[in-house]
Amino acid sequence: MDKIHEQFVNPDAFYKPAPFWIWNEQMESDEAIRQMEEFKKCGMGGGFAHVRNGLISEYLGDKFFEVFGDTLEAAKKLGLKGMSKDQMPKWKYLGKNCYLL
């Protein structure tokens, strides 16, 4: 029973809230990592990087992947989950489970 109580009081990051984290600005690694650190301070389990219209950084460009990679590394070091939710209009639906960029 003690283990169950401890897991309830101190859940793994997988069981904690993880907000949609809107990425619609010029993305910079330092700022993304700072925000992940704030998620940790607030008791979040991580965040879903949710790319939206308004993103200034080139979508799926070198800088985008650099920042996303740095963010995932920071999440791992912080014991958080880094996830992605994509809804950008550049994906063209071609049929069941088929998309073209």
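User: Which residues does Met-36 touch, not counting those up to four places away in sequence?
Analyst: In this predicted model, Met-36 touches Trp-21, Thr-71, Ala-75, Leu-78, Leu-80, Lys-81 and Gly-82. A contact here means heavy atoms within 4.5 Å.

User: Which residues have the most contacts inside the largest nonpolar core?
Analyst: They are Trp-21, Trp-23, Met-36, Val-51, Leu-55 and Phe-64, in a core of 15 residues. Such a core is a set of buried (under 20% relative accessible area, 1.4 Å probe, protein chains only) Ala, Val, Leu, Ile, Met, Phe, Trp, Tyr and Cys residues joined through side-chain atoms within 4.5 Å.

User: And which elements give two or more residues to this core?
Analyst: β1 (20–23), α2, β2 and α3 do, and α3 provides the largest share, four residues. Helices (H or I, at least four residues) and strands (E, at least two) are DSSP runs, numbered from the N terminus.

User: Changing topic, how many bridges join β2 to β3?
Analyst: Six bridges link β2 (residues 46–51) with β3 (residues 81–86), and the two strands run parallel. Pairing requires at least two DSSP bridges. His-50 lies opposite Lys-85 in β3.

User: Where is confidence lowest?
Analyst: Strand β5 (residues 98–100) is lowest, at a mean pLDDT of 44, whereas helix α2 (residues 29–41) is highest, at 94. pLDDT is the predictor's confidence in each residue, from 0 to 100. The protein averages 81.

User: What are the ground rules?
Analyst: Residues are numbered from 1 along each chain as its sequence is written, and side-chain values use heavy atoms, without hydrogens or water. Local features need pLDDT of at least 70 and side-chain atom pairs 80 or more, while totals for chains, interfaces and linings use all residues.

Terms used
Buried < 20%, exposed > 50% of the residue type's maximum accessible area, 1.4 Å probe, protein only.
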